[in-house]
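Hello,

Here is the structure we spoke about handing over. My notes follow below it.

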Amino acid sequence: MSKFEAADSRPSRIDLTPMLDVVFIMLIFFIVTAVFVREEGIDLPTSDRPIQSVSTSEAILIDVVSASRVIISGDAIDVRSVRPVVERIYAQEPDKSVVIRPHPESDTNTLVLVLDAVRAAGVSNLALAEI
């Protein structure tokens, strides 16, 4: 038997250490990058200070009361009527801003529908108030 035949008779083993190093480096990379991911959403005010009262002469007030009821400047309307009512009021007084005040018990979906309707009405000066 020659020297080369003896070397071939041993079972060969694959060294997994470099592969494990790469896997651990990738794991650390994904953990670090996951910390910096920020999800988009509506940032609601977190202040405990009471909101200053806004008069109807300064702004168009929209109160979101329930899932199907919205009050605009004292008049109760349906959610589907928000856009035409805001368009009519905003056409008469385009210098006014719009303030949306959601009730704590109101539905978030209704708030988003009202926000979309006000934006679709062409209002650019919009504020979301906390009650």
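Arg101 is partly exposed, because its relative accessible area is 26%, where buried means under 20%, exposed over 50% and partly exposed in between (1.4 Å probe, protein chains only). This is a predicted model, in which local features need pLDDT of at least 70 and side-chain atom pairs count only at pLDDT 80 or more, while totals for chains, interfaces and linings use all residues. Residues are numbered from 1 along each chain as its sequence is written, and side-chain values use heavy atoms, with hydrogens and water left out.

Arg101 forms a salt bridge with Asp63, at 2.7 Å from N to O; the term stands for a side-chain nitrogen of Lys or Arg within 4 Å of a carboxyl oxygen of Asp or Glu. The pair joins distant parts of the chain, with Arg101 in strand β4 and Asp63 in strand β1, 38 residues apart. Asp63 counts as buried, because its relative accessibility is 18%.

The structure holds four salt bridges. Among them is Arg80 with Asp78, whose closest N and O atoms are 2.6 Å apart. Arg80 is exposed at 73% relative accessibility, and Asp78 is partly exposed at 25%. Another is Lys96 with Glu93, at 3.1 Å between the closest N and O atoms. Here Lys96 is buried at 12% relative accessibility, and Glu93 is partly exposed at 31%.

As for the fold, the protein has four helices and five strands, given as DSSP runs (helices H or I, at least four residues; strands E, at least two) numbered from the N terminus. Along the sequence the order is α-α-β-β-β-α-β-α-β. Of its 131 residues, 24% count as buried.

The largest nonpolar core has 21 residues, and Ile62, Ile72, Val82, Ile100 and Val118 touch the most other members. Such a core is a set of buried Ala, Val, Leu, Ile, Met, Phe, Trp, Tyr and Cys residues joined through side-chain atoms within 4.5 Å. Two or more residues come from each of β1 (59–64), β2 (69–72), α3 (82–92), β4 (97–102) and α4 (108–120).

One aromatic pair turns up in a search of the whole structure. Phe29 and Phe30 have ring centres 5.5 Å apart and planes at 65°, so the pair is edge-to-face. Rings of Phe, Tyr and Trp (its six-membered ring) pair if their centres lie within 6.5 Å, and planes under 30 degrees apart count as stacked, over 60 as edge-to-face and the rest as tilted.

Regards
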